[in-house]
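Hello,

Here is the structure I promised to pass on to you. Have a look at it first, and then read my notes below.

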Amino acid sequence: MFGMGLSIRANDFKMVLANPKEVILGGVLLQYTIMPLTAYVLCKVLNLPTDIAIGVILVGCCPGGTASNVITYIAKGDVALSVGMTIASTLLAPLLTPFLIYSLGGTWVEVSFLAMVMSVVKVVLIPVLVGIAIHHFFGKKLEALLATMPLVSSIAIVMIIAGIISVNVTKIFTAGLVVLAVVILHNLIGMCLGLTAAKVLRVSYPKETAITIEVGMQNSGLAVSLATLHFAMNPLATLPGAIFSVWHNISGAIFASIRQKHDGTETLVGSNVVKSAE
Amino acid sequence: MKPLLSTLKSLTGFVTKYIGVIIIAFTIWACVTPSMFSWTGKLYVGLLGRRHVRHGALY
């Protein structure tokens with residue numbers, strides 16, 4: 001999250017203000033309706049055990065993941081819109097994520113709304129705001145160093161996932177297949193509904209790509225953090241987030257490879273419009 | 001300093017491009033040799049304000 005904050009520039013906020021319709025629809029409305037409701041329906045329809053249901057709900061209620069920006073770039077989608085949507089959903093996460101978990105997850109276990117707000121503020125908002133502040137005040141001095149920040153973030157993500165997997169190996173081998181199936185369904189349904197919604201909204205092809213990826217890819221690291229901090233009595237709750245963090249990169253990369261082959265599309269990178277050569 | 005930053009930038013490009021593959025590789029590695037990575041879980045949870053977490057329970 002700190003790395004994400006460091007990568008945010010003033011132009012990114014201008015993008016949010018310049019395209020409020022797409023950012024609000026894609027980044028907030030679709031993000032915070034499709035994935036949470038899909039998670040809830042999956043848990044109910046498949047009658048999942050409480051531990052796993054909580055983990056799936058947590059993944060569904062989290063904001064868009066920062067990996068979506070990279071995947072959108074690879075897919076030749078609208079990167080600026082992707083960044084704008086991630087910023088919008090992340091900044092609203094301290095309120096919307098606990099509210100949705102409280103509303104949907106409350107069916108299974110008791111959820112402390114205020115404690116969860118504080119956790120999201122601590123895990124998401126503070127690191128992002130500190131990152132933005134450092135970039136704003138020292139950006140030019142640290143420009144070369146900032147270019148390497150994705151490396152630091154990537155190493156952190158890989159180490160977090162490896163750490164979670166290593167302490168949960170036994171659980172993965174016992175309940176892993178069920179969770180993997182649910183995670184794949186959740187992600188694919190989310191992406192399909194995101195793409196359908198984007199097509200209904202009649203946005204351009206690159207924007208369709210960005211919205212689909214944004215809806216399907218979640219900040220699953222946050223889901224794991226919240227499961228660890230708030231659902232210690234439900235040991236399997238960390239598992240969906242851990243598996244989702246691996247899976248959405250695979251599905252995102254496959255989706256990107258399909259979308260990038262589209263002929264004659266416009267690709268937006270920041271404020272530059274580039275015609276695809278393919 | 002410049003060669004070091006240049007190397008880091010190349011490494012950043014490689015890692016961000018193949019992040020999915022890297023995550024899968026480390027996931028399999030963590031499954032095969034859990035003891036190699038168990039310390040990262042403790043560090044991660046320590047940063048979030050807890051000392052130790054194993055199987056979701058606090059110790």
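Let us begin with a term: two residues are in contact when they have heavy atoms within 4.5 Å of each other. Among contacts in chain A that join residues at least 6 apart in sequence, 81% link residues at least 24 apart.

Before going further, some ground rules. This is a predicted model, in which local features need pLDDT of at least 70 and side-chain atom pairs count only at pLDDT 80 or more, while totals for chains, interfaces and linings use all residues. Residues are numbered from 1 along each chain as its sequence is written, chains are lettered from A and ligands numbered from 1 in the order in which they are written, and side-chain values use heavy atoms, with hydrogens and water left out.

**Chain A as a whole**

Chain A holds 13 helices and 2 strands; these are DSSP runs, helices being H or I with at least four residues and strands E with at least two, numbered from the N terminus. Its C-alpha trace spans about 50 × 40 × 30 Å along the principal axes. Of the 278 residues in chain A, 58% are buried. Buried means under 20% relative accessible area, exposed over 50%, and partly exposed in between (1.4 Å probe, protein chains only).

**Where chain A meets chain B**

On this interface, 37 residues of chain A are in contact with 31 residues of chain B. The two chains bury about 3000 Å² between them, 78% of it on carbon and sulfur atoms. Buried area here is the accessible area (1.4 Å probe) that two parts lose on being put together, summed over both. A:Leu151, A:Val167 and A:Leu229 supply 18% of the area that chain A buries against chain B, more than any other three residues.

How many salt bridges are there between chain A and chain B? The count is 0, where a salt bridge is a side-chain nitrogen of Lys or Arg within 4 Å of a carboxyl oxygen of Asp or Glu.

Over all chains, the whole structure has 2 salt bridges. In one, the side chains of A:Glu208 and A:Lys199 meet at 3.2 Å, N to O. A:Glu208 is buried at 8% relative accessible area, whereas A:Lys199 is partly exposed at 46%. A:Glu208 also forms a salt bridge with A:Arg259, with the closest N and O atoms 3.0 Å apart. A:Arg259 lies in helix α13 and A:Glu208 in helix α11 of chain A, so this pair ties together parts that are 51 residues apart in sequence. Through shared partners, A:Lys199, A:Glu208 and A:Arg259 are joined into one network.

**Three residues to look up**

Helix α11 (residues 205-216) also holds A:Thr212, which is buried at 0% relative accessibility. Beyond its neighbours within four places in sequence, A:Thr212 is in contact with A:Met191, A:Gly194, A:Leu195 and A:Phe255.

A:Asn47 is not a glycine, yet has a positive phi of about 50 degrees. A:Asn47 sits in the loop between α3 (20-45) and α4 (50-61) and is exposed at 65%. A:Arg202, in the loop between α10 and α11, has a positive phi near 55 degrees and is exposed at 76%.

Best wishes
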